[in-house]
Amino acid sequence: MTLQAPEQTVPPRVVLLDIEGTTLPVSFVHNVLFPYARKHLTALLTERADDPAVVRAVAQIGELAPGVAPAEQLARWMDEDAKVEPLKTLQGLCWDVGYRQGELVADLYADVVPCLRTLHEAGIVLAVYSSGSEPAQRLIYGYTEQGDVTALFSAFFDLRVGGKKEAQSYRAILAETGWQAADVLFLSDVEAELDAAATAGLRVCQIARAQDATVPSQRHPVAPDIAQALARFGLSGNGQGVGERAASC
Ligand SMILES: CSCCC(=O)C(=O)COP(=O)(O)O
Ligand SMILES: [Mg+2]
């Protein structure tokens, strides 16, 4: 049997989680969520033109793409899978209707909820960092097959703090929360995001899901699921060396 040493002896106090490709299959985002938003976005722009969130998003589109019709610019961004705030805000508004009407239910990976529940009970702080808007993140965890699990999370970060491939965004999260960089473990499937988080001093591990065919990182620790990532960082079920923060997933 091969024993793998934990990445560091002191386990993290905070686990910061990406969504797409980490807790939720990429296919759910690209084959369910994005098409749903694409289908409903144009109607949303007209039917909710007075909604302050829509007004603000349309104004942002005007600043980012002057002279382009909002619906046209949104279509371009969706084609490119651009991570821009007004698109993410408006997609979130579309999904809000879909979840409330029972048309959408977040298809989280099976290991996610049991694992996060155990961590939460062990006193580990859980937080989300996704390009999807904070309301969209809350919807995902509010409408899962296992029910509403948003209470497991202490904080939700979106593009308000910056892009996920920028080290400055992770520094902004640390500044806002007061967390120490070395206490935070960031889990993501995207190597460039891990690079940025590591540059800001966070501990990182790639989640390389077989279902998503994630290409394993050559630069960072890699695990096939969240439970095995946590075990690498001393948050495993055997409790060795992690005291009250021991977690079993
Ligand atoms: C939070 S809802 C859907 C995710 C999304 O809109 C997206 O662009 C994926 O972003 P991530 O940062 O989670 O890869
Ligand atoms: Mg991801």
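Colleague: Start with strand β1. Which way do V14, V15, L16 and L17 point, and are they buried or exposed?

Modeller: First, the ground rules. This is a predicted model, where local features need pLDDT of at least 70, side-chain atom pairs count only at pLDDT 80 or more, and totals for chains, interfaces and linings use all residues. Residues are numbered from 1 along each chain as its sequence is written, while chains are lettered from A and ligands numbered from 1 in the order in which they are written. Now β1, residues 14-17: V14 and L16 point one way, V15 and L17 the other. All are buried (20 or more other C-beta atoms within 10 Å of the residue's own, C-beta atoms being placed from the backbone). Strands here are DSSP E runs of at least two residues, helices H or I runs of at least four, numbered from the N terminus.

Colleague: Which strands pair with β1?

Modeller: β2 (residues 125-129) pairs with β1 in the parallel sense over four bridges. β4 (residues 184-188) also pairs with β1, parallel, over four bridges. Pairing takes at least two DSSP bridges. V14 has V125 as its bridge partner in β2, and V15 has L185 in β4.

Colleague: What does V15 touch beyond its sequence neighbours?

Modeller: Leaving aside neighbours within four places in sequence, V15 contacts L119, I124, L126, L185 and L187. Contact means C-beta atoms, placed from the backbone, within 7 Å.

Colleague: And the largest nonpolar core, how many residues?

Modeller: 46, with V15, F186 and L187 having the most contacts inside it. A core is a set of buried Ala, Val, Leu, Ile, Met, Phe, Trp, Tyr and Cys residues joined through C-beta atoms within 7 Å. A second, separate core of ten residues includes L44, V54, I61 and L90.

Colleague: Now ligand 1. Which residues come nearest?

Modeller: I19, E20, S130, S131 and G132, out of 15 around ligand 1. Near means a C-beta atom, placed from the backbone, within 6 Å.

Colleague: Which helix gives the most to that shell?

Modeller: α6, with three residues.

Terms used
Buried ≥ 20, exposed ≤ 12 C-beta atoms within 10 Å, placed from the backbone. Contact = placed C-beta atoms within 7 Å.
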